[in-house]
Amino acid sequence: MSPQVRMINDIAVQFRHQGLDTAAAAIAEHVRTFWDPRMRAELIRRVDAEPETLDPLALAATLLLLTRP
């Protein structure tokens, strides 16, 4: 598992108490704000290659990154 997948899965755990849409948006915003563009690009590559490694909430957040970079 890549470091980016591990990190976003850990972040998803912290937001799990929120509803899916709210949590996914908050995680996506965190990634946009604090992650280097290369880290975001690697995360997106991992979603394409191995989506099963992402927590469902982390996957939802990553898909938001694809629709609104």
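Predicted model: local features only at pLDDT ≥ 70, side-chain atom pairs only at ≥ 80, totals over all residues.
Figure 1. Arg 32 pairs with Glu 29 in a salt bridge, and the closest N and O atoms are 3.2 Å apart. Both residues belong to helix H2, which covers residues 20-34. They sit three residues apart, about one turn of the helix. Glu 29 has a relative accessibility of 40%, so this residue counts as partly exposed. Side chains of opposite charge can pair when their charged atoms come close.

**Figure 2. The salt bridge of Asp 36 and Arg 38.** The side chains of Asp 36 and Arg 38 meet here, with an N to O distance of 2.9 Å. Arg 38 is exposed, at a relative accessible area of 65%. Asp 36 is partly exposed, at 28%. The cut-off for exposed is over 50%, so values from there down to the buried limit count as partly exposed. A search of the whole structure finds six salt bridges.

Figure 3. Arg 46 and Glu 50 form a salt bridge through their side chains, at 3.4 Å from N to O. Glu 50 is buried, with a relative accessible area of 18%. Arg 46 is partly exposed, with a relative accessible area of 28%.

**Figure 4. The crossing of helices H3 and H4.** Two packed helices are described by the angle between their axes and the distance between the axes. Helix H3 spans residues 37-49 and helix H4 spans residues 56-67. Their axes come within 10 Å and cross at roughly 115°. The crossing of H3 with H4 is left-handed. On the H3 side, the contact residues are Leu 43, Ile 44 and Val 47. On the H4 side, they are Leu 59, Thr 62, Leu 65 and Leu 66. Sorted by class, this contact has six nonpolar residues, one polar residue and no charged residues.

**Figure 5. Thr 62 and its neighbours.** Thr 62 lies in helix H4. Thr 62 is buried, with a relative accessible area of 0%. Leaving out residues up to four places away in sequence, Thr 62 touches Ile 8, Leu 43, Ile 44, Val 47 and Leu 54. Among them, Leu 43, Ile 44 and Val 47 belong to the H3 side of the contact with H4.

**Figure 6. The whole fold, for orientation.** The protein has four helices and zero strands. From the N terminus on, the order of elements is α-α-α-α. The radius of gyration is 10 Å, close to the 11 Å that the globule rule gives for 69 residues, so the protein is as compact as a globular protein of that length. Along the principal axes, the C-alpha trace spans about 25 × 20 × 20 Å. Of the 69 residues, 36% are buried. Among contacts with a separation of 6 or more, 68% join residues 24 or more positions apart.

Definitions and conventions. Residues numbered from 1 in each chain as written. Heavy atoms only, no water. Salt bridge = Lys/Arg side-chain N within 4 Å of Asp/Glu carboxyl O. Helix = DSSP H or I, 4+ residues; strand = E, 2+ residues; numbered from the N terminus. Buried < 20%, exposed > 50% of the residue type's maximum accessible area, 1.4 Å probe, protein only. Axes fitted to C-alpha atoms, helices over the stretch in contact; angles between N-to-C directions. Left-handed = near helix turned anticlockwise from the far one by under 90°. Contact = heavy atoms within 4.5 Å. Nonpolar A, V, L, I, M, F, W, Y, C, P; charged D, E, K, R; others polar. Rg over C-alpha atoms; globule rule 2.2 N^0.38 Å.
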